[in-house]
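Subject: Structure handover and findings

Hello,

Here is the structure for your files. My notes on the contents follow below it.

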Amino acid sequence: MEHDMLRRFGCALCALAFALTALPTAAFAQQPEEQAAVQQSLSATDVREMQQADAAVTALTGGSDYAQMTEDERTDAALQQLDALTAQGLVKQGSVYTDAENGMISFTYSCGALGGILLTDPEEENTAALPELDESQLQELAENKRVGTAAIYYAFDNTINSTRYPYYAYMQSYWDSVGLQTDLDTTVTVSDLRRMGRYDLCILSTHGAYYTYEYGWLFKKTATEPLILLTERSDFWSDLRYGFDLLAHRVVKVNGMYAVNGDFFRSAYRGNGIVLSETCEFYGKNGHVDTSMADGLLAGGAKAVMGYVNNVYSVYSRSMLWAAVNRMIEGETLEQAVDYAKSIYGTDDIIWYNEQGGRRPHAAASYAMLSGDRSAALPNPYTAADVDAAA
């Protein structure tokens, strides 16, 4: 009997040992994205393989043939390219996910980082002049000096032959002249966005997208998040430098260029400024409000955030920006300034579009949303409150 008890005890120990060694393997098999997060950074081999995949993707998306394709033709071409990359072991088997609604195909590199191919063109620029301020407003603004620091992160294009860029160059020089010390960054990198906390006001002037990816092994799940698209092209050394963020899925590569999500700002932003975003789908789309981008900034210390739901007309967002920042320079709060801009340009961009005589508005109206402290303002030393405090 004593022998039987010892034998059973030995069997139980064996079973427990097997369970303890098998459980982590099973868990990681079901959730490869968690396994990727355990790896601290990318190896040189990982980066070389990603660069090989990126070269194939950009050869497709940067070609003249791709520009002339319909969205269905682009989808077929992208899937064929990703099939080839999967066969070469550069893209994970079963990771390719087509999100037709949002015009994106996502995939996972062999190292666990996320990538994507954009199937739709960014919102087209529509021509319109900046509104001009009258003489009394110009005088008032010129007398109102030292209202803080600002940065415009311009990544709509490379500025060459750009119809957009001259407006931002004008805004930068004008705001600088009336007391808002403004920097204009036209080569925005992931590293640049890590330093946003230095400014009282940050303006994100770039394209956005809604990115859906699939994960899991036995039971597939999908996750969707807004992205801010940059024009910074992926290269070997940048992949190594951003390795932590790529593996943690805070940085994604779309068409071989970097993009960031709300988790990136949660990790990287350290400041107490105001952030204004012109990016499409910053707050989600199609009736689904997604606050992850704003939540990440607020978690990093931002006072307040403004952005748009749905795809926004570029001239509407730029005009809203111009009006709102000018009013903030005069001492108004963010909410007051945005309400003033809405009173001029409309509460959504389709109202503005129709008033310009447009006849084919896009499917869903885009409107501004605010998060955080709506009473946030620039650090203007000439407001009544500052005068009282100084006395």
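Start with helices H13 (residues 314-329) and H14 (residues 334-345): their axes come within 8 Å and cross at roughly 135 degrees. Axes here are lines fitted to C-alpha atoms, for helices over the stretch in contact, and angles run from 0 to 180 degrees between N-to-C directions. Helices (H or I, at least four residues) and strands (E, at least two) are DSSP runs, numbered from the N terminus. H13 and H14 are therefore oblique to each other. On that scale, angles under 35 degrees count as roughly parallel, over 145 as roughly antiparallel, 65 to 115 as roughly perpendicular and the rest as oblique. H13 passes H14 in a right-handed crossing. A crossing is right-handed if the near helix is turned clockwise from the far one by less than a right angle, and left-handed if anticlockwise.

On the H13 side, the contact uses Tyr316, Ser319, Met320, Ala323, Ala324, Arg327 and Met328. H14 brings Leu334, Ala337, Val338, Tyr340, Ala341, Lys342 and Tyr345. Contact means heavy atoms within 4.5 Å. By class, the residues of this contact are 11 nonpolar, one polar and two charged. Ala, Val, Leu, Ile, Met, Phe, Trp, Tyr, Cys and Pro count as nonpolar, Asp, Glu, Lys and Arg as charged, and the others, Gly among them, as polar.

A note on the source. This is a predicted model, in which local features need pLDDT of at least 70 and side-chain atom pairs count only at pLDDT 80 or more, while totals for chains, interfaces and linings use all residues. Residues are numbered from 1 along each chain as its sequence is written, and side-chain values use heavy atoms, with hydrogens and water left out.

H13 has another partner. Helix H7 (residues 165-177) and H13 have axes that come within 12 Å and cross at roughly 0 degrees. H7 and H13 are therefore roughly parallel. From H7, Tyr167, Tyr168, Tyr170, Met171, Tyr174 and Trp175 take part. They meet Arg318, Leu321, Trp322, Val325, Asn326 and Ile329 of H13. This contact has 10 nonpolar residues, one polar and one charged.

Next, H3 (residues 44-61) and H5 (residues 71-87). Their axes are 11 Å apart, at an angle of about 160 degrees. H3 and H5 are therefore roughly antiparallel. H3 passes H5 in a right-handed crossing. Ala53, Ala56, Val57 and Leu60 of H3 meet Ala77, Ala78, Gln81 and Leu85 of H5. That contact divides into seven nonpolar, one polar and no charged residues.

Now the overall picture. The protein has 16 helices and 15 strands. Of its 391 residues, 49% count as buried. Buried means under 20% relative accessible area, exposed over 50%, partly exposed in between (1.4 Å probe, protein chains only). Of the contacts with a separation of 6 or more, 72% join residues 24 or more positions apart.

On the cores: a nonpolar core is a set of buried Ala, Val, Leu, Ile, Met, Phe, Trp, Tyr and Cys residues joined through side-chain atoms within 4.5 Å. The largest has 53 residues. Those with the most contacts inside it are Tyr153, Leu193, Met196, Leu204, Phe265, Phe282 and Leu297. Helix H3 gives the largest share of this core, six residues. A second, separate core of 43 residues includes Tyr167, Tyr174, Tyr313 and Leu370.

Two loop residues have positive phi. Glu281 has phi near 60 degrees, in a residue other than glycine. Glu281 lies in the loop between strands S11 (274-277) and S12 (284-285), and counts as buried at 5% relative accessibility. Asn310 sits in the loop between strand S14 (304-309) and H13, and is buried, with a relative accessible area of 5%.

Ala365 lies between helix H15 (349-355) and strand S15 (367-372). Ala365 counts as partly exposed, at 24% relative accessibility. Ala365 and Val309 are 56 residues apart in sequence and 8.3 Å apart in space, C-alpha to C-alpha. Arg374 is in the loop between S15 and helix H16 (384-390). Arg374 is partly exposed, with a relative accessible area of 39%. Leaving out residues up to four places away in sequence, Arg374 touches Thr333, Leu334 and Glu335.

Best regards
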